[in-house]
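The report below takes up a pocket and its lining, and then the strands and helices around the chain. Please read it alongside the sequence and the model.

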Amino acid sequence: MTTPFDVIRRITTTRPATAGGERCEMCAESIGDDHRHVVNTEGRALMCVCRGCYLLFTDQGAALRYRAVPDRYLNFRDHAIDHADWESLEIPVNLAFFFRNSGLGRVVAFYPGAGGAIESDLSLAAWDSLVARNRALEMLTDDVEAVLIRMPERGGDGGNGDGDGTATGCLLLPIDVCYEFVGQVRMRWRGFDGGADVHNYMDEFFTSMSARARAVGSR
């Protein structure tokens, strides 16, 4: 079974050049670096595809093995996620992404580390409680979108200057963007806590994604 680490390694590793450049993994048509992805929901694998193949799987309501990863970026800046919420989710670090796995029929959580994406034993009751108070999180599309949340360190403001202990970033992103993010963190990781390069990259990533995303209220 394909693991999140396999996906990260696959999309962050330079592939050998092929005649005519990279090709669609469905029809073998030549594609450039700026291509789209579909998720194989059975094997939990991301596939690089051409626009024509991508469009075949854009109906998220259809019972299909493959699902197109949408180009949707949302910023839940009016959220109400605090340290008590985070502790109830039992995430051991201050950052994780969450997505609904249709095969398992539940939400799963992964957080970045030196070895890549690490799965957390998510408390589903705690997640349901969080969603009940932040209804915008229900917008998450199965398999292809994830909510990426970053909490400030205890006793700090996480760089946002408010010091209130609420999340400094809560974004709905395409699942491939989240895998790429975790892969970049892994490549930059040094020492016990990742080092300055990792933390600077995280700051830049959240700034960039927050600017790109459409603001959505959480209530």
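By class, the lining of the second largest pocket comprises nine nonpolar, three polar and two charged residues, where Ala, Val, Leu, Ile, Met, Phe, Trp, Tyr, Cys and Pro count as nonpolar, Asp, Glu, Lys and Arg as charged, and the others, Gly among them, as polar. The model is predicted, so that local features need pLDDT of at least 70 and side-chain atom pairs count only at pLDDT 80 or more, while totals for chains, interfaces and linings use all residues. Residues are numbered from 1 along each chain as its sequence is written, and side-chain values use heavy atoms, with hydrogens and water left out.

The second largest pocket has a volume of about 280 Å³. A pocket here is an open set of points on a 1 Å grid over the protein atoms alone, where a 1.4 Å probe fits, with protein on both sides within 12 Å along at least five of seven lines, and lining residues have an atom within 4 Å of a point; the volume is the space filled by probe spheres set on the points, which are joined across faces, edges and corners. Of the 14 lining residues, Val93, Asn94, Pro112, Trp189 and Asp193 are the closest to the centre of this pocket. Strand S6 (106-113) and helix H6 (196-212) are the elements that give two or more residues to the lining, and S6 contributes the largest share, three residues. Helices (H or I, at least four residues) and strands (E, at least two) are DSSP runs, numbered from the N terminus.

S6 is also joined to strand S7 by a hairpin through two residues. Two strand pairs are set out below, a pair requiring at least two DSSP bridges between the strands.

| Strand pair | Sense | Bridges | Facing residues |
|---|---|---|---|
| S6 and S7 (residues 116-120) | antiparallel | five bridges | Phe110 and Glu119 |

S1 and S3 belong to an open sheet of three strands in the order S2-S1-S3, with antiparallel pairing. Its edge strands, each pairing on one side only, are S2 (45-49) and S3 (66-68), and the twist averages 35° from one strand to the next.

H6, which also lines the pocket, packs against helix H5 (residues 175-188) in that their axes come within 9 Å and cross at roughly 160°. Axes are lines fitted to C-alpha atoms, for helices over the stretch in contact, and angles run from 0 to 180 degrees between N-to-C directions. H5 and H6 are therefore roughly antiparallel to each other, the term covering angles over 145 degrees. H5 passes H6 in a right-handed crossing, meaning that the near helix is turned clockwise from the far one by less than a right angle.

Technical notes:
Parallel < 35°, antiparallel > 145°, perpendicular 65-115°, else oblique.
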